[in-house]
Amino acid sequence: MLRCARQGSPNPSGFSEALEQAWTPAVLGGTLSPTMSESVPKPVTASTRLAAVWGSPIRHSASPAMHNAALAALGLDWRYLACEVAPEQLAVALEGARVMGFCGVNLTVPHKRLALGMMDDLDVSAEAWGAVNTVVFEAENAEGVWTPIGLLRSFSGPVRLRGYNTDADAILRSLREDLHMEPRGARVLLLGAGGAGRAAALRLADEGVETLWLQNRTESKAAELATEIAERFPAVDVRTGLPDSDVEFILNATSSGLKPEDPLPLDIQAYPLSHADAVYDMIYRPAETPLLRAAQAAGCRTANGLGMLLYQGAAAFELWTHRAAPIEVMRVALMREVYGTGESR
Ligand code: ATR
């Protein structure tokens, strides 16, 4: 059985015991559990429906493993792909997906904010949390009601792109489950003010953090976000730069750590990690980033972003298919993808 990071194991996801139990010896040994062995994907045909994750870089993504396992478990004739899409190509990629009948797309670094202005319609989640990580392609059904096209056998009219944010709730759930952190009343240092950082900052402010320090490589983006939070959540003490006190947790929402050559997203000379009880890194591959390694060495509890990935993915799956996401199948698929081989591609 895998151990969690608190026990100094190579599994810094901080996943709860339920997850550890989900990681059965049968899966570890490379054989499929009964549930998964029944989940043979349907063959790809001309009617197979498509979904995908787009980002740059994208080769590290575990989303295809997670979603294809879920689609197969429910017997859906769908496939989920990963595509390298540069930010300057995002608009044309979305138009391509629209005309090719894609059912859904997830967006990751660096698209989440950029996509806000490319949607035909924004769900309240994308409006509230200021970023899009899930696109639902919709067409009108026979009654003229806009409907996810994954639910329509056929459609002929225009397709519209509706943007959602499923990251914000996912980060809260993962912080609670994997790090046993309660954001309400907490002092938090948030690293990053891109799409993911922004959604996390706004969601944490809405949840009632006491003090939120925003630190970003480009300082003006942190300042802009701080101004928005001060206006929308006046009860939150929001500041930019590094804290002048201890914090309950540090949350890394930057992409620094995805590549081996990346610098730490935090200057740990200026703000030693021992000032934090816990550190959460949204990155999940590598499963143990240099930041998480340094945090463990400093005695912090740690978790990587696998729980956030799971819950944002489950919510996206439900928006596209209107079927309950098979969470445990998705969890096991993720664990096998990220820890099973131990290799990052
Ligand atoms: P996403 O939409 O997934 O959040 P993004 O909007 O491109 O992706 O945001 C990436 C975040 O990682 C930003 O906060 C970025 O800082 P800048 O605003 O200065 O670009 C941060 N980031 C990326 N590379 C970094 C690095 N090497 N060091 C520190 N921060 C970095």
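Residues are numbered from 1 along each chain, in the order in which its sequence is written. Because the model is predicted, local features are described at a pLDDT of at least 70, and side-chain atom pairs count only at pLDDT 80 or more, whereas totals for chains, interfaces and linings use all residues. Here pLDDT is the predictor's confidence in each residue, on a scale from 0 to 100. The protein averages a pLDDT of 89, and 88% of the residues score at least 70. Over residues 1–34, however, pLDDT stays under 50, and for this stretch the model has 59 contacts beyond four places in sequence; two residues are in contact if their C-beta atoms, placed from the backbone, lie within 7 Å.

The protein has 12 helices and 13 strands, where helices (H or I, at least four residues) and strands (E, at least two) are DSSP runs numbered from the N terminus. Of its 345 residues, 47% are buried; a residue is buried if 20 or more other C-beta atoms lie within 10 Å of its own, exposed if 12 or fewer, and partly exposed in between, with C-beta atoms placed from the backbone. Among the contacts with a separation of 6 or more, residues 24 or more positions apart account for 72%.

Strand E8 (187–191) is mostly covered, with four of its five residues buried. On one pairing, five bridges join E8 to strand E9 (residues 211–215), and the two run parallel; within this pairing, Leu191 has Gln215 of E9 as its bridge partner. E8 also pairs with E11 in the parallel sense, over four bridges, and Val188 stands opposite Phe249 in E11. Strand E11 (247–252) has five of its six residues buried, so it is largely enclosed by the rest of the structure. E11 in turn pairs with E12 in the parallel sense over five bridges, with Val279 in E12 as the bridge partner of Ile250.

The loop between E11 and strand E12 (276–281) holds Ile268. With 15 C-beta neighbours inside 10 Å, Ile268 counts as partly exposed. Leaving aside residues up to four places away in sequence, Ile268 touches Leu273 and Ala294. Ile268 and Ala294 are 26 residues apart in sequence, and their C-alpha atoms are 9.0 Å apart in space.

Helix H4 (residues 63–73) has eight of its 11 residues buried, so it is largely enclosed by the rest of the structure. The buried residues are Ser63, Ala65, Met66, His67, Ala69, Ala70, Leu71 and Ala72. They pack against strands E1 (49–55), E2 (78–84) and E3 (104–107), and against helices H11 (306–321) and H12 (327–340). After H4 comes Gly75, whose phi is positive, near 70°.

Several loops have backbone features that deserve attention in the model. The peptide bond from Ser56 to Pro57 is cis, with omega near 5°, and Pro57 is found in the loop between E1 and H4. Another cis peptide bond joins Arg285 and Pro286, with omega about 5°; Pro286 has its place in the loop between E12 and helix H10 (290–297). His180, a residue other than glycine, has a positive phi near 55°, and it lies in the loop between helix H7 (167–179) and E8. His180 counts as partly exposed, with 14 C-beta neighbours inside 10 Å. For His322, phi is likewise positive and near 55°, and this residue sits in the loop between H11 and H12. With 11 C-beta neighbours inside 10 Å, His322 counts as exposed.

Around the ligand there are 22 residues, of which Pro110, Gly194, Gly195, Arg217 and Thr254 come nearest; a residue is near a molecule or strand if its C-beta atom, placed from the backbone, lies within 6 Å of it. Helix H8 (residues 195–207) gives the most to this shell, with three residues. By class, the shell has six nonpolar, 11 polar and five charged residues, where Ala, Val, Leu, Ile, Met, Phe, Trp, Tyr, Cys and Pro count as nonpolar, Asp, Glu, Lys and Arg as charged, and the others, Gly among them, as polar. The shell draws at least three residues from each of domain 1 (15–165 + 308–340) and domain 2 (169–304), with bounds that come from an automatic or database domain assignment.

Notes. Pairing = 2+ DSSP bridges.
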